[in-house]
Amino acid sequence: MTNKLDSDDELLNEEETNALIYAFAAAPGFQIGRAGRAFASHKGGLKRTEDGGQSWQDALADFALSEQLPVTSLVISPVFDHDGLVFAGAPGGILRSSLGGKSWKAVLFPPPSPLVSALAISPNFASDETVFAGTMEDGVFISKDAGEKWASWNFGLLDLNVLALAISPNYIFDETLFAGTETGLFRSTNGGRAWREVELPFGFDAVISLAISPNYTEDHCIYIGSEDLGLWESADEGEHWIQLAKNQLSDPVNAILVSRNELLAVNAVGLWHSADGGTSWINCLPKEYTGFEISAVLAPQGIGFGATLLAGFTNGSIKPVMIAGKKVYRQTIKKRD
Amino acid sequence: MRRTSHSKPKKDFQTPGIVFQPQVAEGMQHGFDKLVDLIRPTLGPLPHIVAIEKVIERNQLPELLDSGGTIARRVIQIPNRLEDVGFMFLRQALWRQQEREGDGTATTAVLFQAVFDAGRHYLVAGGNAMGLRRHLENGLRLITTELERQTTQLYGKQKLTGLALTICHDDEMAKMMGEIFDIIGAYGQLDVRKGSGRELVREYIEGMFWECGLYSREMANDEHGLRANLENAAILISNLEIESPEQLIPLLEMAVKNEIKQLLMISQTLSDRAMGLLLAKPNRERIFVVAVKIPGISLDVQYDAMTDLAILTGGRALSNATGATLENVRLEDLGRARRVWADKEFFGIIGGRGDARLIRQHIAGLRQRFRNVKDTDEGKRLLERIGKLLGGSATLSIGGHSPISIEARMELAKRTAVTMRGAMRDGVVPGGGIALLACRKALHPFLKNAKDTDELAAYSILLQALEVPFRTIVSNAGIVPGSILADAEHRGPGYGYDAVTRQVVDMQKAGLYDAVSVVKGAVHTAIASAALALTTEVIVNRRNPPEMLNP
């Protein structure tokens, strides 16, 4: 399967069955519309691009699957240039590639095998080789050998339906990670060996997206996107919470991206950007895309003004979008010769 | 305990009688002093062992103890009758402190002695016992409030290891305890067992398990024929007595009709004939049933287990008491779990499909009950239930060089666990007696504004008593405490004496903490008991009072 993404709207309007984009992952040096390798997991499989998103191929072609395999989550090694490792979550286990996504090996979880719904990789992966997999019904699995073997660690994780995982940028020292579940948020401060519930001001709503500040050690900020109650921020590791963008983000928040003082939150109606730590918000989604629901974003250049994102839609299309100030631009990708 | 004479001490427990002051206070004080002198050497981090001769196997080595509560418990009577009253009065207070908090008995003992001695001097000089008691109890409230103000929470393996070390003074055990409690938390389940080697070994078990095994090993389905493993299993939760195979038919028909392939059946009894039906090959191919006994013997424990299982798996408890039978079991009555296992001794559940919200609310309710419970045994049962529901447990196998040392280490591990749970629930204060020293400033204004001599005496007594644990720790390290106390006070709040490094240090930075529950418990027990003892005027002696094996 090859999709070409250009400036036409046709692809966007052409709804593919089972095509919802779940997640992106890009190799270091990925430049939208120019060069570089990235992956997009979707309801019907996994796509790969080698040219900065200008064209996409079926990354699982080698498997010759008899039916479509939903790939729900993705992570790429922080030292991808060196080890070429990519992990993709699917029903029953993990797809693991050590050849930059050119060929894949399935690692099955113990039966009855769960759906892998979220993945997180240690920032210190080069030395600790640690990857976490959140699953539906079986909690969190951990691998300490770069995804070869997996074991579940669910002490205190009182909801085993994990929807999102986020790992501290300072994981090597604080061993902290968060798990968003169908009924709330849990935190581990010992590398996933045990979990404690983080009390949320809204009770037991599902936490479907998570983000940790890149400056977490100093600012202690985490962000959660709930299913029904919008976007929330805690500046003290989850002790106290405030709601952000109350007027704009009341729908399910599908994804959150955080940089130093900027935030990007994705919901059904927009791509909301804040350049002032969450005080004011602008919808960056071009008007042409109104009515189409974004399900995932990739921001290889960060989320500052002028940066270009790749947006994945629920109908399976992938489009570049630029974060503009008051005026919102839609980018055109020209395929290079 | 060293005996002063080889001849058997003469007892005077035959004659009944009534004893008045001043003999009452004098006799009791001798009893108090004997017990406090016995326990005082164990206060602080440096090992001071009390050797107690064995009662039955006298040819064996004496028992070597460093726990005040256990030492006190080993003495069941002392020769002098009035002294025995005092000894047993304090023994009971110390043992209860140990049962409740796991630690702090030596602190309790020295504090008690300081308050009682000074209080008695005041009463001999003409003070009012009831007035003194009232003001001592007021002071106790102030100290408790001040301790709460100093309280902080401990997180992380490293800090918890430091805390464990201050409790057990055993490096290997502290390391294990730090890791275990970092994982299982304040309410997690920890089983301390006798190990086979010389070292400590810890093991973590995922999911919940109960100590009730398979009715028959023929139900096992693993390759060794020892364990049954079920996947996506339905669970019948009951305490029903299943006598005949006919009773099972409606349940099995309903399960097969609803395409249930694997079923865990929990019941009070299962007759051989009923078991035969379940094990018959044609039936087993249609539905694989594993049967285990309901956990617990008493109805209360069974009911609790059924409640927990029902919430955990989203099923309904079918109880004998409500007249439930297997005739009208519906699909929605069955619980569900991702995995179930059972062997000869235990059965376990991993990934129960109960509502995660209800499970958390249920745990919160049990925690609330645990905080309010007075009965120690009920507290233990509640803790066990909470631990199970949290989704995992730890086992610590204790090894050692001899059966005596293994027993002693098991006892120590259990005490350490109790104290660590308290510290994680309620927080910690700076250790080494520093937290009590810091409480003095809360009493100074009341001393200054005292309205009568009873109040003045009460606050003076408490101010001096609060120094005694610190002084004792320093003395036990072989140092004269006066200059160390002055040095610590000169350096400022939070500084105390590290008896191991023999330096005055910032106690928190050095990782030297005490569980606030232990310190509060010790202060409360010591002051309230001393105040009560000071108001005791008359003792009535009965003929041949029983020896106190238990408090």
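Chain B of this predicted model contains 20 helices and 20 strands, where helices (H or I, at least four residues) and strands (E, at least two) are DSSP runs numbered from the N terminus. Residues are numbered from 1 along each chain as its sequence is written, and chains are lettered from A in the order in which they are written. Local features need pLDDT of at least 70, side-chain atom pairs count only at pLDDT 80 or more, and totals for chains, interfaces and linings use all residues.

Along the principal axes, the C-alpha atoms of chain B fill a box of roughly 90 × 55 × 50 Å. Of the 551 residues in chain B, 44% are buried (20 or more other C-beta atoms within 10 Å of the residue's own, with C-beta atoms placed from the backbone).

Helix α3 (residues 81-101) of chain B packs against helix α4 (residues 105-124) of chain B at an angle of about 145 degrees, with their axes 9 Å apart; axes are lines fitted to C-alpha atoms over the stretch in contact, and angles run from 0 to 180 degrees between N-to-C directions. Among the residues that meet here are L94(B) in α3(B) and F112(B) in α4(B).

Chain B also touches its neighbour: 19 residues of chain B are in contact with 21 residues of chain A, a contact being two C-beta atoms, placed from the backbone, within 7 Å. On the side of chain B that touches chain A, α12(B) gives the largest share, four residues. Elements that each supply at least two residues to this side include α7 (171-184) and β7 (228-238) of chain B.

Definitions and conventions: Buried ≥ 20, exposed ≤ 12 C-beta atoms within 10 Å, placed from the backbone.
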